[in-house]
Amino acid sequence: MIEVQNLSHHFELGKKGNKTTIQVLKDISFHIKNGEIVTVVGKSGSGKSTLLNLISGFIHPTNGAIWVDEEKVTDFNEAKFADFRLKKMGFIFQSFQLIPSMTAYQNVELPLILNGESESSRKQKAMKVLEKVGLSQFGEHYPSELSGGQQQRVSIARALVLEPPLILADEPTGSLDSDTESELLQFIKQLNQELGITFLIITHDEEVASIGHRKITIHDGIVIEEAVNDNEL
Amino acid sequence: MNFKDKVRFIRQNIKKTRVRTFMTVLATAMGCSFLIVLASVGYGLQESIVQDALEQQIVTQIDVYGHEDENGNYRPLTLDDIELFDSTEGVKAITRRNQIRQVPTFALDEYKAEVMAVSADFPSEAESGMELSDGRMPENKNEVIVGYHFLNYLSVATEEDILDEETGKIKDEYLYQEEIIGKELEMVVTREVDNDVATETISLTVVGILEQPTKEWVSDANVYISEEIYREVEVFTGTPGGELGVNPDDVENKHMQNFEQVKIYATNLENVQPIVDMLDEENYATYSVVNEMKQINMLFTVAKAGLILVGTIAVIIASIGIYNTMTMAVTERAPDIGIMKAIGANPKTIKQIFVMESSYIGLLGAIIGTVVAYLISYLVNLGLPIIIESVFEEELPEGLLFSYIPVSLVVISVGICLLVTILSGMRPAKKATQIDVLQAMRREM
């Protein structure tokens, strides 16, 4: 599903003439198979979020290549990557990233609108996925009227609604309490088993990391460990 | 993302900033309205002048004065020329007239009038659309029609002073007051050879009275006789056109070989220009109201373009408001745009949404501006003449339009308005597509 080859990335800070280069990722390579849950762990500033942003196409790598679903996404332009993201990737963010002026239903409906689907098809798909995350009663609620766990479920529903083969999650439980966190992890696991969706989860939480089939550990921009998780949840 | 959803999106966004959007629409409407009202003055005056010119002349009429040869010499028109005109496409009728070259006396019982006699080919005149106010067209050689003002000259033959001192016209009590249609009119023509004066009386029957001339100041007291009677006068005088003071023995042609007044009538307005072009090519001297219209229209086109340009400045000023509104909208919605881009919104879609939003404001402003402009135009046309007449004590010509808004002006103005507003929304829209996803999402946190 994902092939990362010799990926390097650096940021340039400061003004012209007085620039400082910070190397975030250094020649990283790994492979994620279809239907796998892979967690990427590492300390703050280790480069794990940068890795996710590179795979998502939010930033472009300094060097190296990334293949997603057999397409070399590092060659895509912005418009092509946007279309690819819409159809092939779902996102779960730490801070949910729901549009506050839209109801839960409208937030879930948004990818379907961007995909040009008809109103009836949208309604059917959005309701189905809201039901799947257990929020069919909360469709007309605005994000501010929902709890953190519920907001994250809406965000998962939005990620699932176009049935992408890959979901990228950045600290998905970062804003949740421990009960809600366990509930959410079970749900991710369930989605993986039922729908065969591949998950790439960035986390610094060992409990979250334990749900994956494999765990990649990054330290100072280098993969220091790639281990199969025998004790997965 | 389909069009309907984009519109829904825009309406949702506009709802959130209702007051700001309303003020921007208001500014655009004022700009658009100013543009239309300003240009409508040019259109109004043009309409009034053109209408006035058209009312005074028959638009399909072409006057032909003569033919110019290679050496620049003019010759009057003959029957050959008329045959050529007749064979031209788009010609409905050709009228030809000649005036008798002396002033005959027309007598009816004790009433007399000394007016001009004009020969006409009545079937052609009827075809050209000659209108009578009473009676019918002549059907035989002795039947005549008289001009609308003929009866103002038919008065009792007396030594008394029959003229009104104030108006200079014949007093009503001396004028013929009865019905003239069907009455016998005696035309007395004179021949003068070597101080030997002789007269001939020709009996004519009045069968019709012409319509009043369209130009108010024109007085038509002519008697329109047939071409056969015209020939009879020539036979009697022995001179072409019955001219006096010429010895018949010195004249080679005793009959007029040409026509003084030739008018061509086109079947419709569209055919006038091709006929005029053909006549110009054949070196005929012509005049038609279309020539006059061309110059008037040219002048007003320049004036209208100037007014539209000035009006456009108002729209451009209004567009600064749209630019400001759209820039604020992009800044405020940056986190939402970031989320949309993250989940897969195409930059083109985001750009379209913002351009459509500025177009929506522009269109709404243009519609309101057009309605207001029509209202102002109506009030100006209604109120300004009253104000001018009461303040300057001057009577304005009837039907004078100060402001006229044709559909073409609305189309031009709405077009300018839309173009300017779309252009002013382009930069903010581009800025929206350039929003950095990570920065925008971070800001929301």
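Reply: A polar contact is a pair of N or O atoms within 3.5 Å; within protein, one must be able to donate a hydrogen and the other to accept it, and residues adjacent in sequence count only if both atoms are side-chain atoms. At the start of α9(B), a side-chain oxygen of B:Asn346 comes within 3.0 Å of the backbone nitrogen of B:Lys348. Helices (H or I, at least four residues) and strands (E, at least two) are DSSP runs, numbered from the N terminus. This is a predicted model, in which local features need pLDDT of at least 70 and side-chain atom pairs count only at pLDDT 80 or more, while totals for chains, interfaces and linings use all residues. Residues are numbered from 1 along each chain as its sequence is written, chains are lettered from A and ligands numbered from 1 in the order in which they are written, and side-chain values use heavy atoms, with hydrogens and water left out.

Me: Where in α9(B) does a kink lie?

Reply: The bend at a residue is the angle between axes fitted to the seven residues ending there and the seven starting there. In α9(B), a kink of about 30° lies at B:Gly383, shortly before the proline B:Pro385. Just after α9(B), B:Glu393 has a positive phi of about 50°.

Me: How is the size of an interface given?

Reply: It is often given as the accessible area lost when the parts come together; here a 1.4 Å probe is used and the loss is summed over both parts. Chains A and B bury about 2,300 Å² between them, 58% of it on carbon and sulfur atoms. A:Phe58, A:Gln97 and A:Leu114 supply 25% of the area that chain A buries against chain B, more than any other three residues.

Me: How many salt bridges are there between chain A and chain B?

Reply: A salt bridge is a side-chain nitrogen of Lys or Arg within 4 Å of a carboxyl oxygen of Asp or Glu. The count between chain A and chain B is 4. A:Glu119 forms a salt bridge with B:Lys4, their closest N and O atoms being 3.6 Å apart.

Terms used
Buried area = accessible area lost by both parts, 1.4 Å probe.
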